[in-house]
Number of protein chains: 4
Amino acid sequence: MNIIMSKTITYLQRVEFGDCDPAGIVWFPNFFRWIDAASRHFFIECGVPPWHETEKTTGVIGTPLVDTHARFVKTASYGDVLHVRVHVAEWRDKSFVQRYRIERVNPDKTGDEMTLIMECEEVRIFAARREDGAGIRALPIPAEIRALCS
Amino acid sequence: MNIIMSKTITYLQRVEFGDCDPAGIVWFPNFFRWIDAASRHFFIECGVPPWHETEKTTGVIGTPLVDTHARFVKTASYGDVLHVRVHVAEWRDKSFVQRYRIERVNPDKTGDEMTLIMECEEVRIFAARREDGAGIRALPIPAEIRALCS
Amino acid sequence: MNIIMSKTITYLQRVEFGDCDPAGIVWFPNFFRWIDAASRHFFIECGVPPWHETEKTTGVIGTPLVDTHARFVKTASYGDVLHVRVHVAEWRDKSFVQRYRIERVNPDKTGDEMTLIMECEEVRIFAARREDGAGIRALPIPAEIRALCS
Amino acid sequence: MNIIMSKTITYLQRVEFGDCDPAGIVWFPNFFRWIDAASRHFFIECGVPPWHETEKTTGVIGTPLVDTHARFVKTASYGDVLHVRVHVAEWRDKSFVQRYRIERVNPDKTGDEMTLIMECEEVRIFAARREDGAGIRALPIPAEIRALCS
């Protein structure tokens with residue numbers, strides 16, 4: 001039996017007043033802001049250089065999204081501290097699957113330490129600029145990035 | 001044979017410079033900002049009062065998201081004009097499915113008029129504040145809203 | 001006596017649910033999003049090409065902000081339609097002053113047609129990338145842009 | 001001679017990819033997002049309860065902005081870590097002045113430790129909901145909040 005462990009990074013995010021809507025809870029597009037930041041930090045924490053450096057070396061300008069599926073379990077509000085746990089669940093030829101689990105730190109010491117707020121699964125690509133300057137194109141998964149992140 | 005037609009609303013959105021990231025394309029959380037606006041405009045266009053009015057009558061404070069699945073097909077950039085087409089695909093007991101199709105208006109008159117940029121399918125609820133003030137709860141689909149929107 | 005008239009553009013903006021905070025009013029950084037969009041539309045409406053085109057011709061990549069001063073007069077909320085009126089109040093050697101007046105369209109037909117929401121005065125520059133790739137630098141005001149916008 | 005020292009709080013902010021625009025630098029409305037968060041954290045750090053609590057006790061629902069003046073000195077980009085230093089510079093009858101200084105932590109150990117990115121001075125009020133439900137009104141500065149923050 002093979003057990004494949006994958007690197008998991010935890011990204012911390014405070015919820016601010018301005019992240020919340022008139023219902024007093026996080027306005028959901030903000031979760032995607034934080035997930036995108038967590039995605040980038042995953043690569044940084046694994047030792048991948050920032051995109052403005054990889055653009056000059058391997059051509060990678062970022063990891064745009066192809067598909068995302070999110071499930072919202074509980075609401076969060078300002079004052080909350082969130083943990084975004086992120087890992088790469090699958091490497092494909094020209095894309096990869098990144099999974100997220102956002103949990104809220106429970107301030108009172110009773111009960112569970114963390115509460116699940118939302119989960120998300122994405123398909124992303126490594127993108128380069130097109131030669132004709134019109135938009136972007138998917139690169140094969142760079143072997144050195146995959147090695148750093150697995 | 002029954003053909004059920006559902007009301008479809010088209011919401012127009014210009015893409016601005018600040019909506020785009022260092023790769024020069026729309027930063028994806030902004031698509032969810034526009035989808036949320038299109039969702040609300042769907043109800044307004046169907047004749048449902050704004051949430052700050054329904055809060056006083058039926059208790060509805062908004063339609064928070066339970067689940068979303070989006071597929072990104074082409075990139076968009078500033079200067080583009082997008083059409084967000086939205087309808088309710090399914091009414092359930094305490095939730096409903098809203099579907100979106102975002103297309104870009106092609107500025108030159110050759111070829112297709114519109115290009116598909118992204119598609120999204122959401123599950124949302126009608127929410128009220130909880131009596132204890134802690135968060136929100138799902139209401140049964142209000143019959144009068146369903147009637148207006150079908 | 002000389003009366004100098006300057007071109008004024010009106011940019012329309014709907015206020016959305018997600019633009020508002022838990023107090024139910026527009027969260028103020030969103031006003032700056034709209035002001036930035038109005039600034040860009042001013043140049044577009046005056047006939048200046050988009051920045052991704054000027055980058056190739058004159059080197060201009062945008063008009064970053066040097067200084068801004070805003071005064072908030074009344075609140076706005078979702079459902080409101082705002083008019084952002086923008087013009088260039090002054091051309092300097094390497095910067096220019098852009099002024100904004102945001103007014104809300106009053107939905108009921110009694111009283112004034114518009115209500116002043118906020119005013120803003122900015123100093124901006126025309127920026128090019130630095131040759132060493134590190135950040136941006138101010139260009140002298142391009143004569144052809146000034147001619148189009150005055 | 002009286003020297004009045006005022007409490008100063010430092011709020012840390014990472015700059016993310018999505019905070020930057022196609023010119024590769026922070027899109028300026030994001031600075032106001034961070035300034036607003038720093039403003040709120042100032043009160044929290046001084047021991048003032050969050051606004052959803054003060055709403056029930058003193059009626060305070062937040063500190064909306066009346067006037068802001070910002071000066072942008074250097075650009076910042078993703079990967080940067082910013083320090084937002086905030087204090088109350090003046091207490092008036094129904095408003096107060098909050099000042100901010102945003103500095104970037106220089107990653108390399110040569111030269112200065114910090115680089116000034118922007119400065120901002122705001123006038124804010126403590127707001128309560130109006131009795132008629134239409135918008136907000138300014139409260140006299142709550143003595144207990146002033147005492148905690150001075």
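## Helix 1 of chain C and the residue after it

Gly47(C), with a positive phi near 100°, follows helix 1 of chain C. Helices (H or I, at least four residues) and strands (E, at least two) are DSSP runs counted from the N terminus. This is a predicted model, in which local features need pLDDT of at least 70, side-chain atom pairs count only at pLDDT 80 or more, and totals for chains, interfaces and linings use all residues. Residues are numbered from 1 along each chain as its sequence is written, chains are lettered from A in the order in which they are written, and side-chain values use heavy atoms, without hydrogens and water.

Helix 1 covers residues 29–45 of chain C, and its 17 residues reach 24 Å from the first C-alpha to the last, close to the expected 24 Å; the expected span is 1.5 Å times one less than the number of residues. Of these 17 residues, 15 are buried (under 20% relative accessible area, 1.4 Å probe, protein chains only).

## Chains B and C

Chain C superposes on chain B by a rotation of 180° with 0.0 Å of shift along the axis, at RMSD 0.0 Å (least squares on C-alpha atoms of residues with pLDDT of at least 70 in both copies). The two copies are therefore related as by a two-fold rotation axis. Among the residues of chain C, Gln13(C) comes closest to this axis, its C-alpha lying at 5.2 Å.

## Strand 5 of chain D

Strand 5 of chain D, residues 114–124, is mostly covered, with 8 of its 11 residues buried. Strand 5 runs antiparallel to strand 2 (residues 65–72), joined by 7 bridges, and Arg71(D) has Glu119(D) as its bridge partner.

Strand 4 (residues 96–105) of chain D is also antiparallel to strand 5, through 10 bridges. Here Glu103(D) stands opposite Leu116(D).

Terms used: Buried < 20%, exposed > 50% of the residue type's maximum accessible area, 1.4 Å probe, protein only. Pairing = 2+ DSSP bridges.
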